[in-house]
Amino acid sequence: MQIKLLSGTSVGANYRAVCRARSDREFISKMNIVLEEADETMFWLELIIDRKWFDINEVSNLLDEGNQLTAIFVS
């Protein structure tokens, strides 16, 4: 679970940097990092479910939220 936590917190830290972008180009560049980190977090959540390391009910809400956040970041 620690790996998922590290990539998950990276999404928030990098999004904070997006909010401080000084130009459109910097905004897009930093947002792409946020998307990469969100995708990595989704990977770890899917792996946790596939390996049955945690009950699917405990992780499914996080997976749902990750999908929603990714959709927001993409738009």
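Asp50 is exposed, with a relative accessible area of 61%; here buried means under 20% relative accessible area, exposed over 50%, and partly exposed in between (1.4 Å probe, protein chains only). This residue lies in helix 2, which covers residues 24-50. Helices are DSSP runs of H or I with at least four residues, strands are runs of E with at least two, and both are numbered from the N terminus. The model is a predicted one, in which local features need pLDDT of at least 70 and side-chain atom pairs count only at pLDDT 80 or more, while totals for chains, interfaces and linings use all residues. Residues are numbered from 1 along each chain as its sequence is written, and side-chain values use heavy atoms, with hydrogens and water left out.

Asp50 also belongs to a negative surface patch, together with Glu36, Asp39, Glu40 and Glu46. Such patches take residues with over 30% relative accessible area and no salt bridge, like charges being joined within 9 Å. Asp and Glu count as negative, and the place of the charge is taken as CG of Asp or CD of Glu. Accessible areas come from the Shrake-Rupley method with a 1.4 Å probe.

With a salt bridge defined as a side-chain nitrogen of Lys or Arg within 4 Å of a carboxyl oxygen of Asp or Glu, the count comes to two. In one, Glu26 meets Arg22, with the closest N and O atoms 3.2 Å apart. In the other, Glu26 meets Lys30 at 3.7 Å, N to O. Glu26 and Lys30 are four residues apart in helix 2, so about one helical turn separates them.

As for the fold, the protein has three helices and zero strands, following the pattern α-α-α along the sequence. Of its 75 residues, 28% count as buried. The largest nonpolar core has seven residues: Val11, Val18, Met31, Val34, Leu35, Ala38 and Phe73. Helix 1 (2-19) and helix 2 each supply at least two residues of this core, and the largest share, four residues, comes from helix 2. A nonpolar core is a set of buried Ala, Val, Leu, Ile, Met, Phe, Trp, Tyr and Cys residues joined through side-chain atoms within 4.5 Å.

Conventions:
Patches are made of residues with over 30% relative accessible area and no salt bridge: like charges are joined within 9 Å, nonpolar side chains (Val, Leu, Ile, Met, Phe, Trp, Tyr) within 5 Å.
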